[in-house]
Amino acid sequence: MGSYGPNGCHKESLTKYPGIRYEEGEGKITVFPADGSGFEVSLSVGSHEYIVSFSGWQEHFTEPEDALNCFAWGLSEQCRLKVSYRGTAPHRWTVEYLKGGKWVEDSTTGLLLFSFWRKHEFKYFQNRLIRNVESKTVLLVSILYFFSFH
């Protein structure tokens with residue numbers, strides 16, 4: 001795990017998130033879940049697109065603001081990941097959002113080849129790093145600096 005942002009200049013922004021674990025690489029940052037009830041959230045920057053991943057789920061974006069908002073949403077209480085298993089192997093990831101006190105399915109990413117004959121079960125995962133608008137703003141500013149979008 002490295003310093004956060006160019007030359008570590010925005011590492012102090014992470015102090016608002018006690019216990020945050022992250023990893024940075026060339027054009028990519030991954031935030032790890034705080035515990036077993038959460039999921040990894042990654043943002044990768046390509047030459048013409050931005051990819052946000054929540055464990056096995058992913059979405060491609062052309063606009064950095066849309067990618068950043070999705071990335072932050074994945075770290076919030078307003079997002080949940082439903083993972084479907086066949087046996088012990090995950091094969092489908094569905095993102096859900098909270099609307100009117102109920103969880104609503106948004107989009108799904110899945111594998112084409114999986115052990116369809118194995119027992120089916122699903123589990124829910126949720127991050128709780130971002131709990132309010134102020135936290136989201138601090139995180140987005142930090143990530144903007146990390147990728148030098150400013």
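Modeller: Of the contacts in the protein chain with a separation of 6 or more, 49% join residues 24 or more positions apart; contact means heavy atoms within 4.5 Å. This is a predicted model, in which local features need pLDDT of at least 70 and side-chain atom pairs count only at pLDDT 80 or more, while totals for chains, interfaces and linings use all residues. Residues are numbered from 1 along each chain as its sequence is written, and side-chain values use heavy atoms, with hydrogens and water left out.

Biologist: Why is Trp117 called exposed?

Modeller: Exposed means over 50% relative accessible area, buried under 20%, and partly exposed in between (1.4 Å probe, protein chains only). Trp117 has 61% relative accessibility and therefore counts as exposed.

Biologist: What makes Cys79 count as buried or exposed?

Modeller: Its relative accessibility is 0%, so Cys79 counts as buried. Cys70 is buried as well, with a relative accessible area of 10%.

Biologist: How many disulfides does the rule give?

Modeller: The count comes to 0 disulfides. A disulfide is a covalent bond between the sulfur atoms of two cysteines. The rule asks for a pair of cysteine sulfur atoms within 2.5 Å.
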